[in-house]
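Welcome! Please take a look at the chain below, and then we will walk through it together, step by step.

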Amino acid sequence: MTKLRARFAAGAAAVALAGGALFGTASPAAAAYDGHCGHTEFCLYYNTNWNGGLADFGGDISNYSGYAFWGTSYNLNDNSASAKNMSSYWDVHLHEAANYAGAKLEFNPNTSRSTLGALSNKGSSHRW
Ligand SMILES: [Ca+2]
């Protein structure tokens, strides 16, 4: 019963997405946080070299507390070790503290970092 419901919900979401694309209103955020690092997203990984759990976002996140790597119970806050900016147009900044405060690391468009240097396991927010 639960599985059947989930399948129906996914089908409805797909229809909604297709409708949005048809009218040019689909937002990049629509496909975010689905465990797939898609075009236009900022993707954080639990391990270096883009391994382990993944958290994928299409918009700003002011506080990683409360987010887990997709499909896991590992909290995203102070836990990411590599990341990718999949946007072709926008810079994104990873910040050490919540609310885009503290030290920051810039990702230019289409930039991946296999390690996060001083921000390794310290990222708490990001903003485009
Ligand atoms: Ca995604």
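## How confident is the model?

The chain has a mean pLDDT of 84, and 77% of its residues reach 70 or more; pLDDT is the predictor's confidence in each residue, from 0 to 100. Over residues 4–30 pLDDT stays under 50, and the model has eight contacts beyond four places in sequence for them. Contact here means heavy atoms within 4.5 Å.

This is a predicted model, in which local features need pLDDT of at least 70 and side-chain atom pairs count only at pLDDT 80 or more, while totals for chains, interfaces and linings use all residues. Residues are numbered from 1 along each chain as its sequence is written, and side-chain values use heavy atoms, with hydrogens and water left out.

## The overall layout

You can find one helix and seven strands in the chain. Starting at the N terminus, their order is α-β-β-β-β-β-β-β. Helices (H or I, at least four residues) and strands (E, at least two) are DSSP runs, numbered from the N terminus.

Of the contacts with a separation of 6 or more, 60% are between residues 24 or more positions apart. Buried residues make up 30% of the 128 residues. Buried means under 20% relative accessible area, exposed over 50% and partly exposed in between (1.4 Å probe, protein chains only).

In soluble globular proteins, nonpolar side chains tend to be buried together. In this chain the largest nonpolar core has 15 residues, and Phe-42, Leu-44 and Leu-116 are among those with the most contacts inside it. Two or more core residues come from each of β1 (42–47), β2 (51–57), β4 (92–97) and β5 (101–107). A nonpolar core is a set of buried Ala, Val, Leu, Ile, Met, Phe, Trp, Tyr and Cys residues joined through side-chain atoms within 4.5 Å.

## Rings around Phe-42

The chain has eight aromatic pairs. Rings of Phe, Tyr and Trp (its six-membered ring) pair if their centres lie within 6.5 Å; planes under 30 degrees apart count as stacked, over 60 as edge-to-face and the rest as tilted. Phe-42 and Phe-107 form an edge-to-face pair, with 5.2 Å centre to centre and 70° between the planes. This pair joins strand β1 to strand β5, with its residues 65 apart.

Phe-42 also pairs edge-to-face with Trp-128, at 6.3 Å centre to centre and 80° between the planes.
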